[in-house]
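User: Could you take me through how the parts of this chain meet?
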Amino acid sequence: MPSTNAKPSLQLNAQGQLRHFLNIDGLERSLLEEILDTADSFVSVGEQAVKKVPLLRGKTVANLFFEASTRTRTTFELAAKRLSADVLNININTSAASKGESLKDMLQNLEAMACDMFVVRHANSGAAHFIAKHVCPDIAIINAGDGSNAHPTQAMLDMLTIRREKGGFENRTFAIVGDILHSRVARSEIQALKTLGAAEVRIIGPKTLLPKAPDSLGADKVYYDMKEGLKDVDVVIMLRLQRERMQTALLPSEHEYFRLYGLTNEKLAYAKPDALVMHPGPINRGVEIASEIADGPQSVILKQVSYGISVRMAILSMTMSGQTRPVTAAAPINRAPQ
Amino acid sequence: MTELNNIGQLLQKVTTELKDYISSQSLDNPAMVGIHTGGAWLAQHLHKNLAFEEPLGTLDISFYRDDFSSKGLHPQVKPSSLSFSPENRHIILVDDVLMTGRTIRAALNEIFGYGRPQTVTLVTLIDIQSRELPIQADIVGQSVALSKQERIKLRGPDPLNVEIHHITQQQD
């Protein structure tokens with residue numbers, strides 16, 4: 001439900017509906033639950049013979065990926081297509097950006113082509129926010145990952161997976177393990193879990209891969225020892241070791257990392273017997289997770305991918321809804337009988 | 001002021017007429033689908049009284065509405081649930097109130113998303129004669145013409161009741 005006391009913010013319109021989706025931070029629990037409820041309904045669309053609904057017919061979604069991605073880009077593309085939108089995938093490497101066109105010029109050109117939404121992934125923190133605020137305020141901007149800042153749709157698809165598999169967040173303990181320092185996923189996950197009422201969120205990792213003030217992320221507890229940190233948790237969220245982001249030698253070796261922080265049967269045994277194992281992908285087998293765990297009965301890694309489509313359908317349609325719904329009292333549709 | 005027959009009479013009428021219709025049209029092994037929320041309540045009643053074998057299907061047509069660009073997404077969308085494929089089946093589509101015909105247009109689109117039915121029979125408790133699309137019901141409990149200040153509301157699911165509200169300001 002739209003919040004009645006919504007503060008004006010970049011992400012929300014005057015009625016408290018989403019008009020951009022940039023960050024979990026600042027969104028109320030009721031809105032996150034509305035996203036999950038809507039996504040739940042879209043799961044049934046994925047089970048139909050014709051996996052398509054006409055909601056965004058006539059709208060154009062441009063996927064702007066300035067950074068490599070397989071899962072996020074393809075699931076956004078599928079989500080938009082299942083909503084009947086037209087999809088433009090801009091390959092930045094072969095676009096005029098490589099000829100020196102500025103980002104601002106490129107986006108304004110796309111706006112002139114009457115695109116309705118931009119799905120943006122960028123290596124710089126704050127890129128989607130910048131575009132929403134300064135470049136294309138009339139276009140719905142969805143953050144598909146910005147630097148080490150936020151990856152809100154990943155967080156929401158993980159929340160949907162947890163809610164569908166575990167039934168909820170309250171009275172449950174969550175552990176996020178690995179490269180917290182470089183992880184936009186971790187930041188968004190912690191915000192989403194705490195907003196949705198998680199009892200305890202732990203972060204686990206080596207000191208070199210945790211921020212200098214680990215509690216600044218909003219987590220409840222910090223562990224450097226994985227076995228201790230996994231004790232009695234309900235959900236284990238593994239993070240990928242972001243090799244491409246590591247500019248300095250923070251680790252002795254991948255082998256050493258696996259020994260200390262790789263998820264194995266031995267370490268998973270410390271969590272509750274029915275604990276879920278999650279990973280945003282792509283997984284580095286034998287670096288942060290053992291193959292037998294990734295493919296094992298507690299793993300919901302592939303369900304996360306499927307639910308990612310439903311969550312992105314929900315977010316695309318809700319932000320488009322927030323853009324199109326008349327903010328002022330436009331003529332209501334007359335449904336009174338004649 | 002418009003008068004409605006009591007709910008018992010209305011339910012009896014649609015139940016009997018639907019039973020006769022299924023038999024006269026030789027609809028073999030029909031399957032029933034109700035539209036959220038009132039249509040699903042009515043469908044539960046019919047499904048039980050006519051002893052349909054297939055579990056009842058329910059549709060939320062929010063994703064198929066034609067007013068998304070002016071009204072946005074309904075904030076409380078419920079999942080649709082169809083445990084059977086409508087492919088080559090005789091579908092009994094149930095809604096509480098038939099007014100403009102737009103809900104039925106959207107529901108037909110959604111059903112076709114799951115498969116191509118052989119026939120679709122439309123059942124409604126109340127037919128308000130203010131159609132905007134060429135859609136008619138096969139089985140109707142009662143036809144009424146409402147004034148501009150009158151709205152129909154079905155309450156349920158147990159007990160079902162249908163009443164006419166008089167509105168003082170524009171609602172939707």
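**Domain interface of chain A**

Analyst: The C-alpha centres of domain 1 and domain 2 of chain A are 26 Å apart; the bounds come from an automatic or database domain assignment. This is a predicted model, in which local features need pLDDT of at least 70 and side-chain atom pairs pLDDT 80 or more, while totals for chains, interfaces and linings use all residues. Residues are numbered from 1 along each chain as its sequence is written, and side-chain values use heavy atoms, without hydrogens and water.

User: Which residues make up each domain?

Analyst: Domain 1 of chain A covers 29–150 + 307–322, and domain 2 covers 152–304.

User: How much area do the two bury between them?

Analyst: About 2,300 Å², with 57% of it on carbon and sulfur atoms. Buried area is the accessible area (1.4 Å probe) that two parts lose on being put together, summed over both. In domain 1, Arg29(A), Leu36(A) and Tyr307(A) lose the most area to domain 2, together 32% of what that side buries.

User: And contacts, how many residues on each side?

Analyst: 28 residues of domain 1 of chain A touch 29 of domain 2 of chain A, with contact meaning heavy atoms within 4.5 Å.

User: Switching to charges: how many salt bridges cross the interface?

Analyst: The rule finds five across the interface of domain 1 and domain 2 of chain A, each a side-chain nitrogen of Lys or Arg within 4 Å of a carboxyl oxygen of Asp or Glu. Separately, Arg164(A) forms a salt bridge with Asp40(A), whose closest N and O atoms are 2.4 Å apart.

Note on methods:
Chains are lettered from A and ligands numbered from 1 in the order in which they are written.
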